[in-house]
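Dear colleague,

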Amino acid sequence: MAAQISVAPGWKNKLYFGDNLVILREHVQDESVDLVYLDPPFNSNANYNVLFGEKGGEKSSAQITAFEDTWHWGMEAEAAFKELVETAPPKLVDLVRALRSFLGQSDMMAYLTMMALRLVELHRVLKPTGSLYLHCDPTASHYLKLVLDATFAPLNYRSEIIWRRSRGHSDKSLKKYGSNHDVLLFYSKSTEWKFNRLYHERDQSAVCTHDLYLHTDGKQYRKGDCLAPGGRGPLYEWNGFTKHWRFTQEMARSLEAQGLIVFSKSGMPRVLRPVDPSKAHPLQDTWTDIDPPNSGSGELLGYPTQKPEALLERIIQA
């Protein structure tokens with residue numbers, strides 16, 4: 001895997017070509033990096049992941065060999081596993097031993113061993129305020145999450161982002177749901193990570209959900225809880241329910257008179273709060289608004305797993 005990493009102030013746009021494990025160890029200082037985004041080869045056909053061709057345009061045999069070593073258990077994987085057991089943090093050592101007991105000397109275990117060594121180094125180079133986004137697919141995301149937990153600690157897990165990478169597939173021969181998403185695992189180096197909240201514009205044409213209510217005044221409202229948090233509100237009976245409420249009885253009657261109280265099927269009162277359609281709402285962990293590079297985007301380079309600039313831009317902005 002190639003690595004593009006800032007190692008010192010005063011320069012930018014420096015690209016290292018080679019094994020990023022070597023690059024990390026030889027060129028990147030401790031706690032010098034703000035953000036890591038890694039899009040390692042997925043556990044799929046090795047030739048699918050060849051990035052660069054030779055000068056004549058043919059596939060790079062050196063890269064094909066490197067990827068084949070990555071996917072298959074052999075001497076290199078055994079050596080990497082031995083290094084992990086001897087040098088990695090104890091929790092990660094316990095995990096990789098358990099994974100090997102479960103997965104054996106499989107292609108997946110070779111892949112996870114390769115990833116674990118690099119994640120240890122990436123953890124080392126991140127600043128305490130830094131973050132890491134690991135882009136993967138569902139075939140390995142559950143294993144990688146365990147490796148990240150063991151490396152970064154579970155309390156530094158932030159989000160599992162689902163990115164819809166295609167609109168859908170129609171393969172009637174497969175007896176399963178169509179696969180059209182990737183996973184981004186977001187971890188921080190510490191509990192003091194830097195994060196800029198991003199916002200989405202509201203969809204004016206969105207259909208009302210069970211939490212939204214279209215009032216007779218033509219405006220949209222969000223239905224909210226009338227119960228007092230922690231049971232600290234006034235206690236009285238309202239529509240057959242004796243509870244601690246957010247409002248006094250007088251205020252509850254006033255809200256009902258204004259048409260700002262609706263009742264669920266069980267009769268529980270819900271208060272209506274106006275929704276301002278001009279205000280954006282915080283970005284959530286399911287991203288369906290960024291398409292992969294295509295012929296109309298002006299980005300397409302012909303690399304099968306190329307990611308769109310908008311995806312990287314969003315992560316950098318955050």
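Two strands are said to pair if DSSP finds at least two bridges between them. Please bear in mind throughout that this is a predicted model.

With that in hand, strand β1 (residues 33–38) and strand β2 pair in the parallel sense, over five bridges, and within this pairing tyrosine 37 has tyrosine 133 of β2 as its bridge partner. Strand β2 also pairs with strand β4 (residues 181–188), here in the antiparallel sense and over six bridges, where cysteine 136 has valine 183 of β4 as its bridge partner. Strand β2, which runs over residues 126–136, is mostly covered, with eight of its 11 residues buried.

The other element I looked at is helix α4 (residues 90–103), whose 14 residues should span 20 Å at 1.5 Å a residue, and this agrees with its end C-alpha atoms, which are 20 Å apart. Buried in α4 are Leu92, Val93, Leu95, Val96, Leu99, Arg100 and Leu103; because these residues cover an arc of only 165 degrees around the axis, they lie on the same side of α4. An α-helix has 3.6 residues a turn, so residues three or four places apart point the same way. The buried residues of α4 pack against α3 (75–87), α5 (107–125) and α6 (141–152), whereas Pro90, Lys91, Asp94, Ser101 and Phe102, on the other side of α4, are exposed. After α4 comes glycine 104, which has a positive phi, near 70 degrees.

With best wishes

Notes: Residues are numbered from 1 along each chain as its sequence is written. This is a predicted model: local features need pLDDT of at least 70, side-chain atom pairs count only at pLDDT 80 or more; totals for chains, interfaces and linings use all residues. Side-chain values use heavy atoms; hydrogens and water are left out. Buried means under 20% relative accessible area, exposed over 50%, partly exposed in between (1.4 Å probe, protein chains only). Helices (H or I, at least four residues) and strands (E, at least two) are DSSP runs, numbered from the N terminus. The expected span of a helix is 1.5 Å times one less than its number of residues. The arc is that of the directions from the helix axis to the C-beta atoms. Contact means heavy atoms within 4.5 Å.
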